[in-house]
Amino acid sequence: MYLGAPTCISFQDTFGNENPWNSLELVTAESQLIQPNYKEYVSPASLRRMSTVLKMGVAGGKSSLQHSGLESCDAITVGTGLGCVRDTLKFLKAVYTDQESGLSPTAFIQSTHNSIAGQLALLLGNHGYNMTHVQGALSLGYALSDAELLIGEGDAKTVLVGAVDEKTDELVELLAKLSETINYPLPEVGEGGAFFLASNEKLDSSLTKMVKLSLTDKVSDEVDLVLSNTDDGFNYTQFSGEHFASPGFGLFMALKAFEFENVENSHISFNQPKRILVHHKLLGQEMSILLEKV
Amino acid sequence: MEIAVTGIGAISAIGNNVNENLSSLLAKRTGIGKAKLLNSKHTETHLFGEVKLSDNEMKSGLGWKSDSVSRTTLLSAWAMKEAIEQAGIEIDENVGLVSSTSVGGMDRSEGFFEPYYTEQDFTNVFMLGTHDCGSCTKQVAEHFGITAYTATISTACSSAANAIAMGARLLRQGKLKRVVVGGTDGLCRFTTNGFNSLMILDTEWCKPFSANRAGLNLGEAAAYLVLESKEDAEARGAEIHGLVTGWANTNDAFHQTASSPDGNGAFMAMTQALEKAELQSSDISYINAHGTGTQNNDQSESMAIHRVFGENKPPISSTKAFTGHTLAAAGAIEAVYSLLALKENKLFPNLNYQYPIEGNDWQPQLEVEDAEINHVLSNSFGFGGNNSTVIFSKA
């Protein structure tokens, strides 16, 4: 399976056409998403109701499809660990503070995990296979696996694959309290979304071939560069923050490494990498994606 | 490769196992009534398809040690245990799990959110450790020793149908030798209030496909199937409940919650599933419809069925008036009913039906009836435009 048209919304300048490897800045608690002008992707009326995760999902997905050079895709698979957190918490709060009466359904409607892929289908007018995977930090991995199955089965030639998660101040507060209680050190919490166009054959926009996807461990193979959320490689979560969709940032940076080839700065240097491993390990789950430049 | 179902497990408002579910279906006995376990003020005014076992009863039945577990997860483990035992398989590194849920551990999270939102009390924050959908699947996988592929699908009310299809695809692609597929959702305040705020809950028994239908009843359930290749199943002499022969997942791309009036997504899902199964619409012996009892779904699904089947519709029923709408689990519990229909050669009735929907030239199956059943088509549709169809066939 080939991957291309990487699109990413993150704390870094990843959405534009510049080489994101050259403008990396370490994430702090004050880091903010660098967001595109969403009006280029969604009508202002729809935009008003959308939470950050939905905006990132629809803009990220639509932009990736545009970059791929395709008019449409056969399928959409999206991974999200926590889905629509803002709307979920908003509706929950209303349930308790308004004592289960007179609630507006808007937040509930937008709280379902599949509203991200659903809104994307709606926006693209896409009637194809539409799937949402929720498996913590492996959500992107399962979305990729699903795309690989569709392509393998011949049910799709092109699949828009992505992962997206949002944070809110309240979520960060809850995670901080939770991590204290269970004695699990909380990393810097991030948010973001990344999309890719997966295809059965090499397109002009393809940058890499996914050689191997493991949803259980770290593939051991000779590679030129390891991007990981551990110190067992270049730790990309220093720049994305940790969140369930952060492997999307790692995969995006891998594709950008194939695209821009040579990078030398205070954080990292590499020269024409041919094979890259993206690795992620969090809360007892581990995955890795072995990529080869095309 | 032909995909065989060699184990089935189910827990719903009409029974704690497959046999109890079957008995209730044959006796036309609904499980929808006053909720005794759900903590919501809507239990005073609304009816629910509540599973009769408490969390503690399920914990002791399962030998579940940890208290860090949601009802959604317990239901899942309960039904999965039956499916795995019945299939008689050993769990090894070639067995995967594709589960599905829409709310995950929300029922347990609410134990935190109530004191938190009413009194800013963080005491129960540890309960959020089982909140996310993926963690529910992970817990169940660990309970049964499943270490390979462990996925969680969340496409609202079509979730479990997609899990079944994904399992079939994993086998066909040689990624796994066996796979447990299905879905689970426990009742909670979040979904109760969500559907209530949408004003699509009937306060009486739901009336699927009846002109005077007034909404759905929420339910809870879990159901799982064990899938493996027919060749493997036959080689080990396993009982085959049926084959998974067709599936499709489409998007209506019409509205975030509502289905298109002409049922485009549903039409495409049924048509594509028939193509996948290499069947004609006339081959279908019974349709287990999504049939929630809402104005919108039943109208749209009726239109789509008419577009696919024309004037030669097979018997059709929705079993939601037995179980309530069990959200992510619906596709799995109805898969079990579809397989029972195949095995028993029975049609299951659509309860509470009174008048035909205007424009419908059919009425649903109203009685239990013997029939030769070779292929069953099961629909599951959800928010987000998600429409899925699965077809089960006699082995």
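Predicted model: local features only at pLDDT ≥ 70, side-chain atom pairs only at ≥ 80, totals over all residues.
Start by selecting both chains. In contact across the interface are 60 residues of chain A and 61 residues of chain B. The two chains bury about 5100 Å² between them, and 61% of that lies on carbon and sulfur atoms. Next, pick out B:Y117, B:R169 and B:F190 in chain B: these lose the most area to chain A, together 15% of what that side buries.

Now turn to the charged and polar pairs. Six salt bridges are found by the rule across the interface of chain B and chain A. To see a salt bridge, select B:R172 and A:E153, whose side chains meet at 2.5 Å, N to O. Polar contacts between chain B and chain A number 31 residue pairs, both residues at pLDDT 80 or more.

Colour chain B by secondary structure. By class, the side of chain B that touches chain A has 24 nonpolar, 26 polar and eleven charged residues.

Last, go to B:A330, in helix α12 (residues 330-344) of chain B. Is B:A330 buried or exposed? B:A330 counts as buried because its relative accessibility is 0%, under the 20% cut-off. Leaving out residues up to four places away in sequence, B:A330 touches B:K320 and B:H325. For a distance check, select B:V376: from B:A330 the separation is 46 residues in sequence and 16 Å in space, C-alpha to C-alpha.

Definitions and conventions:
Residues numbered from 1 in each chain as written. Chains lettered and ligands numbered in written order. Heavy atoms only, no water. Contact = heavy atoms within 4.5 Å. Buried area = accessible area lost by both parts, 1.4 Å probe. Salt bridge = Lys/Arg side-chain N within 4 Å of Asp/Glu carboxyl O. Polar contact = N/O pair within 3.5 Å; in protein donor to acceptor, adjacent residues only side chain to side chain. Nonpolar A, V, L, I, M, F, W, Y, C, P; charged D, E, K, R; others polar. Helix = DSSP H or I, 4+ residues; strand = E, 2+ residues; numbered from the N terminus. Buried < 20%, exposed > 50% of the residue type's maximum accessible area, 1.4 Å probe, protein only.
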